[in-house]
Amino acid sequence: MHLRSTEGSSRPVATPRCRGTSRYRQGSRLERGACHASAKYAADAKRLLQGLEASQDRESLRGRLADVLAVMGDSPQAAKTLAAAGGMTSAASIAARAPHDRPIQLYVLHMILALAAEHKKMAQGAEGNLPASAAMVTASAVTTAADNFADGKVQRMVCEALTALAGCGPDAAAAAMQAGGGATVLALGLENAGTARLDLLKTALHTSRAFTEAGAGIPSEGVGELVAALRRHAQPGLQAAACAALRAQLAASPAAMELALTEGAFEAALTAAEASPHHRQLQIAACGLLADITDASEAASVNHRRGPGQAGVPAVAAANAAAAALRAFLAFGDGSCREADELCQAFTRISKKLPMEALVGIVNHERCTALPQHWVAGLKLAKGNLELQRLLCEASHRLIHEGLGPSLVEAGAGAAVVQAMQDWVYDPGLQRAACEALAGIAWCDGKHAAAAGGVETAAQALRIHQAYAWVCIPALDALAAQLLKSQERSGQTCSSPSSCWDPVAGALRRHRSSHRVVRAATRVLQLLAGGEEAIAAAAGPPPGF
């Protein structure tokens with residue numbers, strides 16, 4: 001093959017080199033000029049096809065195919081005319097006459113690609129659709145070439161031809177998808193065996209994804225080949241394409257999920273995501289695949305479809321997957337709305353199915369270099385995930401006692417905790433954990449917590465959950481910390497919200513037999529009363545801080 005530019009156009013045209021004998025070349029020079037001239041007229045299209053079908057000598061046939069391809073490259077009108085005159089059927093017929101002649105098969109595949117491009121343009125109207133009979137024989141010719149020639153060049157052309165054939169109308173799409181699964185698996189297998197170049201893998205991945213998104217999945221062994229491709233290559237672009245192809249395959253065939261888990265698809269996608277944290281497309285595709293597998297795996301566990309010894313998502317891998325999705329959101333969440341939403345959904349789906357594992361991934365020091373930012377981002381993204389938000393609030397004690405309180409304040413922890421409390425107003429478990437987190441954050445900087453609405457939110461928790469002493473105590477501590485630190489920072493005795501008096505007094509009356517409630521409520525009432533003596537008497541953190 002060599003590239004040349006057509007006259008009057010800068011578009012390169014791929015023209016196959018003819019390897020015929022000198023006897024053919026002498027006669028071909030005259031015929032080539034006639035072909036170029038005759039291509040201008042639609043009536044000569046059938047004559048060109050008849051000349052191809054009448055050629056008996058293989059060397060002559062190769063040359064005629066090369067000439068037809070050159071004519072189609074020079075004249076778009078000629079390509080359109082040949083497509084309308086049944087060029088696909090003629091190409092398939094020629095391929096069937098020489099199934100083991102590699103040059104002829106390559107010429108025919110190039111011809112099918114060019115004719116398919118014209119049919120695709122015409123397929124917008126019903127008259128441009130490739131007939132079912134022509135589609136079937138063409139697909140058969142393409143897959144025969146794939147079976148007879150296990151080399152990278154032919155396999156790449158086969159994948160491209162099947163993908164192009166799928167765009168030639170509904171009948172052609174059905175024929176291409178029916179024949180394309182096995183050819184795609186064969187191409188992936190050749191590449192994974194190291195007998196082909198990477199361009200074959202790119203084409204095969206594109207073909208696999210196109211077919212599965214159209215509703216025709218590749219055979220089950222293709223899942224293993226896709227996972228092998230994901231593991232074999234460290235190029236982020238190829239890994240992103242492999243993850244996307246796997247997602248499409250698993251969506252089209254839920255039964256393939258167990259096979260994907262057995263083949264190690266989850267670990268392969270996680271390894272790829274961790275190895276290339278700065279590649280946007282890989283992060284989106286890999287995190288989406290991790291979320292898909294987590295969803296399916298947990299659904300199988302809940303429905304008792306997984307038997308003893310069958311694969312599932314390991315806890316450690318799930319923790320790392322949640323952390324990877326969170327890091328990807330922090331790195332690329334400020335991009336387009338679609339990409340940010342995809343990454344947010346990936347983290348949400350993983351963490352909702354495995355909240356404890358997600359917590360471990362978020363607060364793991366070894367993998368989170370910016371732990372406070374990860375904690376705040378995790379709490380925000382976990383909106384709607386009650387269990388994970390409660391677990392994160394409980395984990396805030398560890399971060400504060402390790403000296404990360406000021407960093408949490410700078411990352412916006414106060415506002416994130418207040419928002420979580422407002423989202424789950426009537427859940428006493430979350431209100432208790434969030435009030436404890438809010439109290440710890442307020443002792444680091446009460447002004448920021450109060451500015452985010454922490455005083456009003458803590459008073460609301462105290463009023464709604466007054467029946468529970470174990471909620472009243474942290475709510476009172478959160479109020480005391482915010483009131484005291486706000487006044488200390490401003491240097492003035494500021495007037496406190498009047499909405500705090502009734503809930504505090506109510507908790508004191510209701511739990512007057514609880515020493516801890518009485519002590520915490522008295523502390524807050526002293527701060528609400530104001531005055532330097534009262535502030536001095538209430539100063540100092542409560543037990544545990």
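Me: Contact means heavy atoms within 4.5 Å. Which residues in helix 21 meet which in helix 22?

Reply: This is a predicted model. In it, A413, G414, V417, V418, A420 and M421 of helix 21 meet L430, Q431, A434, C435, A437, L438 and I441 of helix 22. By class, that contact has eleven nonpolar, two polar and no charged residues.

Me: Why are helix 21 and helix 22 called roughly antiparallel?

Reply: Look at the angle. Helix 21 (residues 413-423) and helix 22 pack at about 160°. The class of roughly antiparallel begins over 145 degrees. Helix 21 and helix 22 are therefore roughly antiparallel to each other. Their axes are 10 Å apart. The crossing of helix 21 and helix 22 is left-handed.

Me: What makes helix 6 and helix 8 roughly parallel?

Reply: Again, the angle. Helix 6 (residues 102-122) packs on helix 8 (residues 152-165) at about 25°. Angles under 35 degrees count as roughly parallel. Helix 6 and helix 8 are therefore placed in that class. The axes of this pair lie 9 Å apart, and the crossing is left-handed.

Me: Which residues make the contact of helix 6 and helix 8?

Reply: Helix 6 supplies R102, L106, L109, H110, I112, L113 and A116. Helix 8 supplies K153, V154, M157, V158, E160, A161, A164 and L165. These residues divide into eleven nonpolar, one polar and three charged.

Me: Why are helix 16 and helix 19 called roughly perpendicular?

Reply: Helix 16 (residues 315-332) and helix 19 (residues 371-381) pack at an angle of about 95°. The range for roughly perpendicular is 65 to 115 degrees. Helix 16 and helix 19 are therefore roughly perpendicular to each other. Their axes are 10 Å apart. L326, R327, F329 and L330 of helix 16 make the contact with H374, A377, G378 and L381 of helix 19. By class, this contact has five nonpolar, two polar and one charged residues.

Me: Are C243 and C472 buried or exposed?

Reply: Buried means under 20% relative accessible area. C243 is at 0%, so C243 counts as buried. C472 also has a relative accessible area of 0% and is therefore buried.

Me: What makes A54 exposed?

Reply: The cut-off for exposed is over 50%. A54 has 51% relative accessibility, so A54 counts as exposed. A54 is found in helix 2 (residues 45-54).

Me: Why is L392 called buried, and which residues does L392 touch?

Reply: L392 stands at 0% relative accessibility, so L392 counts as buried. L392 has its place in helix 20 (residues 386-410). Leaving out residues up to four places away in sequence, L392 touches L359, I362, W375, G378 and L379. The C-alpha atoms of L392 and V376 are 9.0 Å apart, at 16 residues along the chain.

Me: How many helices and strands does the protein chain have, and what share of its residues counts as buried?

Reply: The protein chain has 28 helices and two strands. Of its 545 residues, 52% count as buried. Among contacts with a separation of 6 or more, 73% come from residues 24 or more positions apart.

How values were computed:
Residues numbered from 1 in each chain as written. Predicted model: local features only at pLDDT ≥ 70, side-chain atom pairs only at ≥ 80, totals over all residues. Heavy atoms only, no water. Axes fitted to C-alpha atoms, helices over the stretch in contact; angles between N-to-C directions. Helix = DSSP H or I, 4+ residues; strand = E, 2+ residues; numbered from the N terminus. Left-handed = near helix turned anticlockwise from the far one by under 90°. Nonpolar A, V, L, I, M, F, W, Y, C, P; charged D, E, K, R; others polar. Buried < 20%, exposed > 50% of the residue type's maximum accessible area, 1.4 Å probe, protein only.
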